[in-house]
Amino acid sequence: MSKLYMDTSKVLEKLEETKLGIRSIIYSKEFKTCNLKKITALLYGILEKKNIILDILYKSNLLDFKRNKYFIKKNSKITNKWLLVVMTYDLLYGIKKLQGGGTITRLLRINEKKIRNILETDYPESLINKYEELPRYLRINTSITNSNTVLNTIKLQIKNNLTDIKINEVNKLIWIDKEIPNIIVCNPNIAKKLELDRIPSKNELINRCHVTLQDKGSCISVIASGIKSGDIIIDACSAPGSKTIQIIDTLYKNGYLVSFDHNFSRIKTMISRIYEIPYLSGPYLHISENNFRLINISSLDKDSLEKGCLFFSKDEIFIDGDEININIKKQPRMVIYIVLKNFLDIQYIKKNLNIAWYNYLWCVCRAKFIILDPSCSGSGLPLHKDIIQKDISHRLLKLTTFQKKILLHAINNFINVNTICYSTCSIYKEENEDVVIYALNNSKDSFKLVNGIDWWEKKDLDLKCENMQDICDLFLQCKIYCIRMDPKIHKCRGFFLAKLLRKNSNK
């Protein structure tokens, strides 16, 4: 039996049993010695086709289906459902053959003709990889390099490594985005060949933190916020950290950011990503007064992260012989706080204004911006858009209840915050416009909807309001001011953004 199949099936099993994300699982100790590159590539392909594969296996009489769940049939020789899914994917969509032997291999070979007939009859459209049609986006970390340098580096990589590409074709395969100039747009096949579509990667641009793999839609929230060098920000639901790293880059070594997340594994993944930023030093734990201790990421526990760890700019740290213990007598120009807490448990308290700068509550009390990207259905992502979720109504109810609560919390409990950017990677109105309307209708009338980005071209979407007049008025405002990104129109992942501005703010 192929070890790759076994490892991938273990990740799928953990995804089903836990609420952890893919990165949190594959970067855990259990998979430290595995081939993460191959697992990740196989895993993302499977997740895109998972429900189709499960249905094909059910129709092939290899799995049972009860109460909206697929099970191994009684008295079946199969003992691992996810291993069966992995091997079926490779047979139908992957390398189109099976690696290794064993019971499942023999069973699939016996049923291969039946399985392929069901695939070609019921799911012929699934043989077209729609995700491959979308370009890959590379956000430039402008505090380290610039778009032209990265573009020229990639062109050189193409010249040296992809000799079949003609010189006059290169500009059609990779270019600087016309709307967001610190984003490189890359043909998906080129990105795949140069390993500019994955983490971990062998490409120096990713390893040296010159670029971050971040979809164009995901970049919009921070851009729309208007954050600039010197600002103070709360990143409310931060892990695994793409927007956090974008904020750090935008601050340009000057400003304060506190990032909250309630998931221990995800927040450690985010810390690992921030650790790779070459001009930052950390993570540090505060020991006493102005004394801090550098700590290994693997040694961070829940207790220490609930108090928060810190990153500083290397330019501001004086190390005198001891790289572990440092003393910072003067308040730094830049501090990044990473805190293991639920944002719903955080709020402005006036007396905290007197807290020392090295306590994350100092940042909370002075923050002017909140970036809020809560858990959502992910229905705008390529891995989800072709999947019919039979229990979506029940799941949406749970998600929207949380989303309404957390946006309302952001509006009502931080008196110094002037700007809130609420975003999701969902296509559902229930998670987007409906959440914003609810929060504004149930708040203290302190915030208003404003245009997210002036230059963004709005498209007329088929969204309807069937409620009372005041809600319909807000709904019309959402259609005017909110940003929706659609894969078919904008050639990126589905995304939603609402920018809220305090009414008495001049910003």
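How accessible is K429, buried, exposed or partly exposed? K429 counts as partly exposed, at 22% relative accessibility (buried is under 20% relative accessible area, exposed over 50%, partly exposed in between, with a 1.4 Å probe and protein chains only).

1. Basis. This is a predicted model, in which local features need pLDDT of at least 70 and side-chain atom pairs count only at pLDDT 80 or more, while totals for chains, interfaces and linings use all residues. Residues are numbered from 1 along each chain as its sequence is written, and side-chain values use heavy atoms, with hydrogens and water left out.

2. K429 and D434. These two residues form a salt bridge, with the closest N and O atoms 3.1 Å apart (a salt bridge is a side-chain nitrogen of Lys or Arg within 4 Å of a carboxyl oxygen of Asp or Glu). D434 is partly exposed, with a relative accessible area of 24%.

3. R139 and D249. The structure holds 17 salt bridges. One of them pairs the side chains of R139 and D249 at 3.7 Å, N to O. R139 is in strand β3 (residues 136–140) and D249 in helix α11 (residues 242–251), so the pair ties together parts that are 110 residues apart in sequence. Helices (H or I, at least four residues) and strands (E, at least two) are DSSP runs, numbered from the N terminus. Both R139 and D249 are buried.

4. D177 and K216. A salt bridge joins these side chains at 3.1 Å, N to O. D177 sits in the loop between β4 (174–176) and β5 (183–186), and K216 in helix α10 (residues 216–225), so parts that are 39 residues apart in sequence are tied together by the pair. D177 is buried, at 7% relative accessible area, and K216 is buried as well, at 5%.

5. Second largest pocket. Its volume is about 1000 Å³ (the space filled by probe spheres set on the grid points, which are joined across faces, edges and corners). On a 1 Å grid over the protein atoms alone, a pocket is an open set of points where a 1.4 Å probe fits, with protein on both sides within 12 Å along at least five of seven lines; lining residues have an atom within 4 Å of a point.

6. Lining. The second largest pocket is lined by 31 residues, with Y27, K268, T269, S272 and R273 nearest its centre. Helix α12 gives the most to this lining, six residues.
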